Amino acid sequence: MMPGRPRGTHVCVVGLGVAGRLHHRLLTGLGATVSVVDPAADPRLLPFPVAARVEDVPELPPVDVWSVCTPTAAHVPTVAAVLDRDPGARLLVEKPVCRSWEGPRLAALLAAHEGARLVVMNQYAHAEAPALLRAVKDEYAPRHPVEAIRVAFGKDRRQDIAAGRFVDHDYGVFGYEWLHMLALLGRFLPEDAYHRYLVRHPDHGSVRIARDPELTSTAAHDVVDLDGTEIDLYSSVVGHDPGPEAPAPHWTVRTTPAADSRHRLARVEAGPVRLTLELDPVVLPDGTPLPRNTHRLTLDRPEGRREWRIEDSPLENALRHSLTALLDDSARPCPDLRPIARIGRLAALARHPADAATAALPTRL
């Protein structure tokens, strides 16, 4: 049952691509009544209500939440169309919430509709595995400061890109997994340190980028010293060997081959301990894949190794938390645009190094 509301809450999913279909399946499983807006969908072939435009969605049953799963370039126009129809709408928007230059327009839309609420989908903001990592660090190295936080997300998207799917011409590599990595980083850093990291300007001394004339960038490795803590982020959309401009760091190398190219890894180093969190999909050293939505946390210390396995669906968790925030009238959610500002500056550095310092957004809506 959906938190905060009885079964039957009406959610309208706008955009029936990969994200939209995931939202539809999970929301239906949570007990919601789900309808869809997608001009390319054929209602004769689908077992649920489909409209071509936001304006065409029937007034009854009323829509409680709009789930915006369109391509990023259509996010702000979709939010505007929903608010034209319902000035007090509740909107769940997939990441990235908008393109870097659209932040002021999105902020103005929400300022003009004080009754509206908007939450940005954040798959790893409420995941259980990062919380366990923090708890294990506090137990086994309570007096040791964190010396390094390393996060790597990658996937070989070359076939999809060649077919015209999942092509991000705005942010390049930073528009795919980088926001997930920043969400994890925010789980491990104190809020003040996380804020200082997000608002600082990247430069050539901290980030290596594999540039691409069509896709802007295909891999990036950003290393920053933040008050004695090494922040080390890496991502690639062309596999594990993107070339000499941004080679994969040694700590991301898999020791076991895997059929799935997805790679989601977080590591925290503190004193004598090293904590490694492998997020689904996880392959054991003997080649055995763990079940879906099963994550593995490994603790290495002088006394030996310990391991935990965590069963959790980050996407379902994020949906639950987002819907609770949207349907709770006690406080208006305040979407955080600092991560968007960060990837906007990184993307600007990939395009025009001299312009990176000026590529910024409001940090809050």
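## Starting at Thr 216

Leaving aside its neighbours within four places in sequence, Thr 216 is in contact with His 169, Gly 172, Ala 210, Arg 211, Ala 347, Ala 350 and Arg 351. Here, contact means heavy atoms within 4.5 Å. One of those partners shows up again: the side chains of Thr 216 and Arg 351 are joined by a polar contact of 3.5 Å. A polar contact is a pair of N or O atoms within 3.5 Å; within protein, one must be able to donate a hydrogen and the other to accept it, and residues adjacent in sequence count only if both atoms are side-chain atoms. With a relative accessible area of 10%, Thr 216 is buried. The cut-offs are under 20% relative accessible area for buried, over 50% for exposed, and in between for partly exposed (1.4 Å probe, protein chains only).

Before going on, a word on the model: it is predicted, so local features need pLDDT of at least 70 and side-chain atom pairs count only at pLDDT 80 or more, while totals for chains, interfaces and linings use all residues. Residues are numbered from 1 along each chain as its sequence is written, and side-chain values use heavy atoms, with hydrogens and water left out.

Helices (H or I, at least four residues) and strands (E, at least two) are DSSP runs, numbered from the N terminus. Is His 221 buried or exposed? At 14% relative accessibility, His 221 counts as buried. Its side chain makes a polar contact of 2.6 Å with the side chain of Asp 232. Not counting residues up to four places away in sequence, His 221 touches Ser 206, Val 207, Arg 208, Asp 232, Leu 233, Tyr 234, Pro 247 and Pro 249.

Now hop over to strand E8 (residues 207-212), where you'll find Asp 212. Asp 212 is partly exposed, with a relative accessible area of 24%. Apart from neighbours within four places in sequence, Asp 212 is in contact with Ser 217 and Thr 218. Asp 212 and Gly 172 are 40 residues apart along the chain, yet their C-alpha atoms are separated by 8.7 Å.

## The parallel sheet

Six strands form an open sheet, with parallel pairing, in the order E3-E2-E1-E4-E5-E6. Two strands pair if DSSP finds at least two bridges between them. Which strands are at the edges? Those are E3 (50-51) and E6, each pairing on one side only.

Further in, E1 runs parallel to E2, joined by five bridges, and E1 also pairs with E4 in the parallel sense over four bridges. You can follow both pairings from Val 14, with Val 37 as its bridge partner in E2 and Val 68 as its bridge partner in E4. Helix H1 (residues 18-29) packs on the sheet, where H1 touches E1, E2 (33-37), E4 and E5, and its direction makes about 165 degrees with that of E1. For that angle, axes are lines fitted to C-alpha atoms, for helices over the stretch in contact, and angles run from 0 to 180 degrees between N-to-C directions. As for E2, four of its five residues are buried, leaving the strand mostly covered.

## A helix tucked inside

Why is helix H2 (residues 75-85) largely enclosed by the rest of the structure? Because eight of its eleven residues are buried. Those residues are His 75, Val 76, Thr 78, Val 79, Ala 80, Ala 81, Val 82 and Leu 83. The buried residues of H2 pack against strands E1 (10-14), E4 (65-68), E5 (90-93) and E6 (117-120), as well as helix H3 (103-111).

## Two nonpolar cores

A nonpolar core is a set of buried Ala, Val, Leu, Ile, Met, Phe, Trp, Tyr and Cys residues joined through side-chain atoms within 4.5 Å. In soluble globular proteins, nonpolar side chains tend to be buried together. The largest core here has 81 residues, and those touching the most other members are Trp 66, Leu 91, Phe 174, Trp 178, Leu 182, Tyr 197 and Ile 231. Helix H6 (residues 178-188) gives the most to this core, with eight residues. A second, separate core has 18 residues, including Leu 26, Val 65, Cys 69 and Val 119.

With a disulfide taken as a pair of cysteine sulfur atoms within 2.5 Å, the count comes to zero. For Cys 12, the nearest cysteine sulfur is that of Cys 69, 10 Å away. Cys 12 is buried, with a relative accessible area of 0%.
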